Amino acid sequence: MSNKLEFEAGDFVVYPAHGVGRVEGIETHVIAGQEIQLYAITFEKERMTLKVPVTKAKNSGLRRLSTKDRIKVALETLQGRSRIRRTMWSRRAQEYEAKINSGDPVSIAEVVRDLYRGTDQSDQSYSERQIYQAALERLARELAAVEKIDEMKATERLEQVLKKAA
């Protein structure tokens, strides 16, 4: 098993369902008599370690951090007009969750943009706020990792972009 590994210890990666994590190392475990290489990825925010088989990393959606260009597109998306469809909330909520879990910063930015409420706008329901916060945190974490700034600064930057657009 001397195939080239895509990620190394110390690399920041994005796992769609959990956001930005850091590869702590590559471990070899014997499972059902087979030797399997696993990426050990820690997600500090969730205090969690995820082990992803090296051979399944691509299919699981594990990827490198977005490029600065992709982040720029996500920030531009935040400035667009929100598109809230007149479908039932439960259906929209499912679509928003799917976009967040896709791990794509532009899709996540669409959720943030669509659920953002300025101070002059109507209140959000509890579940809208929950989804908005989840999307904002996920986007801020990737922005922070790409720009090498802390998460608070990244969140402030995203909120400034949203306020300007509103």
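The legends below describe close-up views of a predicted model. Local features need pLDDT of at least 70 and side-chain atom pairs count only at pLDDT 80 or more, while totals for chains, interfaces and linings use all residues. Residues are numbered from 1 along each chain as its sequence is written, and side-chain values use heavy atoms, with hydrogens and water left out.

View 1. Helices (H or I, at least four residues) and strands (E, at least two) are DSSP runs, numbered from the N terminus. R113 is buried, at 7% relative accessible area (buried is under 20%, exposed over 50%, partly exposed in between; 1.4 Å probe, protein chains only). Beyond its neighbours within four places in sequence, R113 is in contact (heavy atoms within 4.5 Å) with residues including T77, L78 and L162.

View 2. I71, A74, L75, T77 and L78 of α2 are buried. These residues lie on the same side of α2, because they cover an arc of only 150 degrees around the axis (taken from the directions from the helix axis to the C-beta atoms). Their cover includes α4, α5 (126–147) and α6 (151–165). D69 and K72 are exposed, on the face turned away from the buried side.

**View 3. An open sheet of 5 strands.** The order is β4-β3-β2-β1-β5, with antiparallel pairing (two strands pair if DSSP finds at least two bridges between them). β4 (48–53) and β5 (63–64) are at the edges, each with a single partner strand, so one side of each has no neighbour in the sheet. Strands β2 (residues 19–31) and β3 (residues 34–43) share 9 bridges, and H29 has I36 in β3 as its bridge partner.
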